[in-house]
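I opened my notebook to record what I looked up in this structure. The entries follow in the order I made them.

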Amino acid sequence: MSARVNESFSQLYTSPEFIESIDEEWMPWLLDGLDLGEHVLNLIAGPAFSVPALQKAATGQVTVAQLDQSSGDPVDPTRLPFPKDQFSAATAVVALHHIPSAELQDRALAELARVVRPGGIVAGLNPIDGPHFRRMNTDGASVPIDPLTFAGRLTRAGLVDVELTVWSFVRFAARVPEERP
Amino acid sequence: MNKAHLELCASDQWAEHVKTDVLPWVFEAVDVPDDLLEIGPGPGATTDLLRREIGHITAVESDAALAAQLAERFAADPGVEVHHADATALPFPDGRFTAAASFTMLHHVPSVELQDRLFAEVARVLRPGGVLFGTDSLDGPGFRRLHEGDICMPLDPLTLDDRLVRAGFAHIDLAVLSIGVRFIARKP
């Protein structure tokens with residue numbers, strides 16, 4: 001499967017205001033206190049707005065995996081083309097809601113947990129449903145993530161030490177357990 | 001409140017947001033009451049809109065100037081009673097109300113402890129089966145800029161359930177949209 005990022009979301013993600021707030025406010029907030037290690041997988045959907053800030057903050061290599069089907073060679077987030085334990089961390093910044101169902105999102109989270117090595121971090125930002133989101137999601141291709149149930153979904157994906165903060169974006173950070181079940 | 005913030009809360013744009021986004025979201029989940037205690041109406045954008053649907057509103061505002069303005073504005077309307085009072089010590093007997101509400105105000109209550117005291121005080125003045133409902137804004141960089149130099153203690157949606165239970169409520173129903181957290185809680 002792949003994600004479809006419509007024109008409204010693409011326009012938002014390429015607007016100077018959005019990029020500035022991601023760079024200046026949201027990425028520093030997301031990354032504060034996280035040790036991403038030497039090789040981060042960054043899952044993106046559409047425009048690569050999260051990549052510069054991540055490259056700036058990351059101490060190691062950043063591999064970008066594109067979900068959007070209109071962008072050349074998308075990856076299937078439910079079958080990531082990487083071996084187990086390949087990365088020291090994975091991020092999904094304003095990306096998971098483009099995976100078109102909660103079930104597929106959960107499979108993608110489990111995949112992130114698989115490709116990150118034990119002890120590594122899986123983190124990201126989710127937008128919140130609301131009037132603005134609904135105005136952009138005209139084709140219904142995007143499925144917003146309820147912050148009130150998301151901690152349980154991260155746990156069920158096999159992650160531990162789940163941190164969740166609900167601001168006007170939701171920040172999540174969790175860890176692959178040292179010993180996989 | 002700082003000046004820019006007070007202007008926003010008194011603006012047509014804010015009234016439109018309350019009318020279009022906030023109140024419909026709340027009243028899709030809770031019945032419109034006949035008699036309502038409104039906590040912290042501020043400039044009264046919500047009070048105006050609620051009054052169209054609700055026969056009697058008792059508005060409690062802790063800011064003296066805002067309370068006086070609101071009392072003057074509704075002076076000719078027997079359906080709105082304005083009290084200048086602190087919602088952590090309400091001037092009403094136990095069980096006076098069947099419904100209480102607060103809209104995008106609780107982040108102005110300066111500490112979690114005082115917010116909890118407010119919840120407990122609302123529970124006291126509700127009769128059994130009575131309902132507390134409303135919304136608060138979500139935290140974030142833009143929200144903090146708007147409150148620069150002001151109190152800014154938005155409710156954490158992830159801890160609100162426990163806090164309402166500790167204040168004496170049950171059947172807590174929470175929802176989060178970008179426009180805020182919505183809470184509905186009943187006094188057992």
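**Chain A, overall**

I began with burial: 41% of the 181 residues in chain A are buried (20 or more other C-beta atoms within 10 Å of the residue's own, with C-beta atoms placed from the backbone; exposed is 12 or fewer, partly exposed in between). I noted that this is a predicted model, where local features need pLDDT of at least 70, side-chain atom pairs count only at pLDDT 80 or more, and totals for chains, interfaces and linings use all residues. Residues are numbered from 1 along each chain as its sequence is written, and chains are lettered from A and ligands numbered from 1 in the order in which they are written.

Next I looked up the elements. Chain A has six helices and six strands (DSSP runs numbered from the N terminus: H or I of at least four residues for helices, E of at least two for strands). Along the sequence I read α-α-β-α-β-β-α-β-α-α-β-β. The radius of gyration of chain A is 15 Å, close to the 16 Å that the globule rule gives for 181 residues, so chain A is as compact as a globular protein of that length. That radius is taken over C-alpha atoms, and the rule is 2.2 Å times the number of residues to the power 0.38.

**Around β3 of chain A**

Is strand β3 (residues 87-93) of chain A mostly covered or mostly open? It is mostly covered: seven of its seven residues are buried. I then checked its partners (two strands pair if DSSP finds at least two bridges between them). Strand β1 (residues 39-44) of chain A runs parallel to β3(A), joined by four bridges. There A:Leu43 stands opposite A:Ala92. Strand β4 (residues 116-127) of chain A also pairs with β3(A) in the parallel sense, over six bridges. A:Thr91 has A:Ala123 of β4(A) as its bridge partner.

**Where the chains meet**

I turned to the contacts between chains (C-beta atoms, placed from the backbone, within 7 Å). Here 14 residues of chain A are in contact with 15 residues of chain B. On the chain B side, α6 (141-146) and β6 (170-177) are the elements that give two or more residues.

**The sheet in chain B**

Last, I traced an open sheet of seven strands in chain B, in the order β3-β2-β1-β4-β5-β7-β6, with mixed pairing. Its edge strands are β3 (80-84) and β6 of chain B, each pairing on one side only. Strand β2 (residues 56-61) of chain B runs parallel to β3(B), and five bridges join them. B:Glu61 has B:His84 in β3(B) as its bridge partner.

Key
Contact = placed C-beta atoms within 7 Å.
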